[in-house]
Amino acid sequence: MSFLGLRKWPTPVARPLWPFIAAGSITFYLVSLAQDAGVKSETYAKDPRNPYAAQIAKESHH
């Protein structure tokens, strides 16, 4: 019997969703790696529209 639509035992949330959480975090990490590689590539490193151009130039002088 349910009381106001609530069951006696709670419905699991995290256990069935762990593959999606893992895949989302792996995708987020790989996209960030691809973005860093693209921003620091030789083609776009000296582009004045690159927001990280000053930081890349500073790191390359070391």
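The legends below describe several views of a predicted model of one protein.

**View 1**
Read along the sequence, the protein follows the pattern α-α-α, and its C-alpha atoms fill a box of roughly 70 × 20 × 20 Å along the principal axes. The radius of gyration is 23 Å, whereas a compact globule of 62 residues would have one near 11 Å. Of the 62 residues, 10% count as buried, and the accessible surface comes to about 6,200 Å², with 67% of it belonging to carbon and sulfur atoms.

**View 2. Confidence along the helices, given as pLDDT.**
The protein averages a pLDDT of 86, and 92% of the residues score at least 70. Among the elements, helix H1 (residues 14–39) has the highest mean pLDDT, 95, while helix H3 (residues 53–60) has the lowest, 84.

**View 3. Residues 20–39, which an unreviewed UniProt entry records as a "transmembrane region".**
Over residues 20–39 the chain is 100% helix and 0% strand, and the C-alpha atoms at its ends lie 28 Å apart.

**View 4. Asparagine 50, in the loop between helix H2 (42–45) and H3.**
Asparagine 50 has a relative accessible area of 10%, and because this is under 20% the residue counts as buried. Leaving aside residues up to four places away in sequence, asparagine 50 touches Val39, Tyr44, Ala45 and Ile56. With valine 39 there is also an approach to the backbone, in that the side chain of asparagine 50 reaches the backbone oxygen of valine 39 at 3.3 Å.

Technical notes
Residues are numbered from 1 along each chain as its sequence is written. This is a predicted model: local features need pLDDT of at least 70, side-chain atom pairs count only at pLDDT 80 or more; totals for chains, interfaces and linings use all residues. Side-chain values use heavy atoms; hydrogens and water are left out. pLDDT is the predictor's confidence in each residue, from 0 to 100. Helices (H or I, at least four residues) and strands (E, at least two) are DSSP runs, numbered from the N terminus. Buried means under 20% relative accessible area, exposed over 50%, partly exposed in between (1.4 Å probe, protein chains only). A polar contact is a pair of N or O atoms within 3.5 Å; within protein, one must be able to donate a hydrogen and the other to accept it, and residues adjacent in sequence count only if both atoms are side-chain atoms. Contact means heavy atoms within 4.5 Å. UniProt positions are given in the numbering used here, feature names are shortened, and annotations may be inferred rather than shown by experiment. The radius of gyration is taken over C-alpha atoms; the globule rule is 2.2 Å times the number of residues to the power 0.38. Accessible areas come from the Shrake-Rupley method with a 1.4 Å probe; for residues, only the protein chains shown count as cover.
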